[in-house]
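Here is a friendly walk through one model, with the sequence and structure to hand.

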Amino acid sequence: MLVSSLISEGLFCRVQPVLSGRVPSMRRNSAHTRPGCRGLNVTKASLEGLFVDELARLQPSAGYMRLLKESVVKVWKERQSAVQTELQAAEHARQKLQRKLDRLDEAFLFERSIDIDTYDRHADRVREQVTLL
């Protein structure tokens with residue numbers, strides 16, 4: 001049975017001395033770079049200063065923040081107005097349904113122009129509409 005390897009035999013042989021601890025560790029120089037590495041020698045304070053400068057550069061300007069605030073407030077007011085309009089429409093529809101119920105009561109109780117089955121059927125339907133509203 002032929003089994004394929006995840007790593008080559010050559011890589012396996014090169015890694016074994018490292019895993020067994022027979023390869024001496026590489027000493028790092030005072031600049032914290034490995035031999036052969038072309039890294040930069042940057043102090044912690046210098047690196048932190050560069051980072052703070054980059055954050056300052058990415059900070060939104062006062063003008064941008066003002067425009068953002070104006071946009072958010074405008075959208076909020078428009079949404080508030082739309083909700084107020086929806087509430088007024090819902091209240092108007094509720095009042096209209098209430099007037100229907102009042103007319104049904106009048107027709108059944110005082111005028112006796114409809115029977116109880118008709119009253120119940122229509123009143124239940126209107127009450128359901130009020131509940132859904």
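## A lysine and its partner

K44 is exposed, with a relative accessible area of 62%. Here buried means under 20% relative accessible area, exposed means over 50%, and partly exposed lies in between, using a 1.4 Å probe and protein chains only. The side chain of K44 meets that of E48 in a salt bridge, 3.1 Å from N to O. E48 itself counts as partly exposed, at 41% relative accessibility. A salt bridge, for this report, is a side-chain nitrogen of Lys or Arg within 4 Å of a carboxyl oxygen of Asp or Glu.

Both K44 and E48 sit in helix 2, four residues apart, or about one turn of the helix. An α-helix has 3.6 residues a turn, so residues three or four places apart point the same way.

## About the model

Please keep in mind that this is a predicted model, in which local features need pLDDT of at least 70 and side-chain atom pairs count only at pLDDT 80 or more, while totals for chains, interfaces and linings use all residues. Residues are numbered from 1 along each chain as its sequence is written, and side-chain values use heavy atoms, with hydrogens and water left out.

Helix 2 covers residues 44-58. Its 15 residues reach 21 Å from the first C-alpha to the last, close to the 21 Å expected at 1.5 Å a residue. The expected span is 1.5 Å times one less than the number of residues. How many of the 15 residues of helix 2 are buried? The number is zero, so helix 2 lies largely in the open.

Helix 1 (residues 9-20) has twelve residues and reaches 17 Å between its first and last C-alpha, close to the expected 16 Å. G21 follows helix 1, and the phi of G21 is positive, near 85°. Helices (H or I, at least four residues) are DSSP runs, numbered from the N terminus.

The structure holds six salt bridges. Another one of them joins E91 and R94, at 2.7 Å from N to O. These two residues both lie in helix 3, three residues apart, again about one turn of the helix. E91 counts as partly exposed at 33% relative accessibility, and R94 counts as partly exposed at 35%.

R79 also forms a salt bridge, with E86, and the closest N and O atoms are 3.7 Å apart. R79 is partly exposed, with a relative accessible area of 45%, and E86 is partly exposed at 47%.

## Helices 3 and 4

How do the two helices sit together? The axes of helix 3 and helix 4 come within 10 Å and cross at roughly 165°. Axes are lines fitted to C-alpha atoms, for helices over the stretch in contact, with angles running from 0 to 180 degrees between N-to-C directions. Helix 3 and helix 4 are therefore roughly antiparallel to each other, a term for angles over 145 degrees.

A search of the whole structure finds one aromatic pair. F108 and Y119 form this pair, which is stacked, with 4.9 Å centre to centre and 25° between the planes. Rings of Phe, Tyr and Trp (its six-membered ring) pair if their centres lie within 6.5 Å, and planes under 30 degrees apart count as stacked. The pair links distant parts of the chain, with F108 in helix 3 (residues 62-110) and Y119 in helix 4 (residues 116-132), eleven residues apart. F108 is buried at 17% relative accessible area, and Y119 is buried at 12%.

Conventions. Rings of Phe, Tyr and Trp (its six-membered ring) pair if their centres lie within 6.5 Å; planes under 30 degrees apart count as stacked, over 60 as edge-to-face and the rest as tilted. Angles under 35 degrees count as roughly parallel, over 145 as roughly antiparallel, 65 to 115 as roughly perpendicular and the rest as oblique.
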